[in-house]
Amino acid sequence: MTDASPLVSVSDLSVEFGGGRRAFRAVDGVSFELMRGETLGVIGESGCGKSTLVRAVLQLLRPAGGSVLFKGRELTRLGGRELRRMRHQMQMIFQDPRSSLDPRWSVGKTLREPLAVHGIASGREADRLVDEMLEAVALPSSAGTRYPHEFSGGQLQRIAIARALVVKPELVVCDEPTASLDVSVQAQVVNLLSELQERFGLTYIFISHDLAIVRHLAHRVMIMYFGRVAEILPSEDIAPAARHPYTRTLLSAVRDPASAIQRRARTLDIAPAEALELPLLQPDGCYYQMRCAHAEARCRSVTPTLDEVEASHSVACHRWRSLAQGTAA
Ligand SMILES: Nc1ncnc2c1ncn2[C@@H]1O[C@H](COP(=O)(O)OP(=O)(O)OP(=O)(O)O)[C@@H](O)[C@H]1O
């Protein structure tokens, strides 16, 4: 029988940074569920809170409020020791393998270390698991005696993936794992992640700026805007299904490379640092109102809730029904 309960269930999660007048919510009331074996893509421009969200899910930073259930356990209430005991079940793969791998450690040592730290295996058993994992990421077992400087960027990311998976996690958070790689090897790494998901029954949260990569890998995509969820929808047919004006902007061919903060600073003719005065960016009502061609009075006063459009598709926009019909009314 398959287990139909979600692996991860996040509700109303918030993270605050700064204090006093500068306090702002980098993650603001985010809710989603993640089923076993599923990949949730997380998309949104720089600074919208993607990394902060996943760190709060994994309790690498403590949220200001909300709940994270992992296999039914409330992670936000666990102490440090209990969390450490569960840590191997939740692993993370970072953008730049060069900065996440210790150059002084052989690949073998890099992979054996987490097995020792989590008390999973040592000696021959650890060597066996390391060889199995090198094979899984398509590196020869001779790679074990070599050092990071002997590998290309793509190979280093395979090593970082092997290190995350050697402890047999259930949830793997990938934070832009292909962003530092040449375009030619990005697809290889994405395909590898996909194969490994199948082989080891992994559940992924996959952060990216690149909607094309996310569409390829993810079952559902979550679009974030300034710490909030704008829309969550199945990754096939995103274009016809998208309801949020921001999702539609992301899908359109015209891409504005400037971040919202830079844009806001330009509009107001102030320094980007001042634009970080978040009340400007996090006004009453919908945060997207300043960029939205469809904003009306209630968008400036009432925060939109995440409404269900249909199964697996939710949107936080007051106007999604009228926009869906293509009417301006
Ligand atoms: N430790 C911190 N202290 C204060 N502010 C922070 C901290 N970490 C992140 N922030 C701020 O929180 C917001 C969200 O940052 P975050 O790194 O989560 O965004 P992101 O979507 O992952 O961006 P990117 O795509 O550039 O990695 C940003 O405004 C950032 O400046």
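This is a predicted model: local features need pLDDT of at least 70, side-chain atom pairs count only at pLDDT 80 or more; totals for chains, interfaces and linings use all residues.

Student: How many residues of α6 are buried?

Tutor: A residue counts as buried if 20 or more other C-beta atoms lie within 10 Å of its own. In α6, 10 of the 13 residues are buried, so the helix is largely enclosed by the rest of the structure. Among them are Leu156, Gln157, Arg158 and Ile159. Arg163 is buried too.

Student: What span should helix α6 have?

Tutor: Take 1.5 Å times one less than the number of residues. Helix α6 (residues 153–165) has 13 residues and should span 18 Å. Its end C-alpha atoms are 18 Å apart, which agrees.

Student: Why does Thr249 count as partly exposed?

Tutor: Partly exposed lies between the cut-offs: 20 or more is buried, 12 or fewer is exposed. Thr249 has 16 C-beta neighbours inside 10 Å, so it counts as partly exposed. Thr249 sits in helix α10 (residues 245–251). Thr249 and Cys292 are 43 residues apart in sequence, yet 9.6 Å apart in space, C-alpha to C-alpha.

Student: Which helix gives the largest share of the shell around the ligand?

Tutor: Helix α1 (residues 50–57) does, with 3 residues. The residues around the ligand include Phe17, Gly44, Lys50, Ser51 and Thr52. The shell divides into 3 nonpolar, 6 polar and 1 charged.

Terms used:
Residues are numbered from 1 along each chain as its sequence is written. A residue is near a molecule or strand if its C-beta atom, placed from the backbone, lies within 6 Å of it. Helices (H or I, at least four residues) and strands (E, at least two) are DSSP runs, numbered from the N terminus. Ala, Val, Leu, Ile, Met, Phe, Trp, Tyr, Cys and Pro count as nonpolar, Asp, Glu, Lys and Arg as charged, and the others, Gly among them, as polar.
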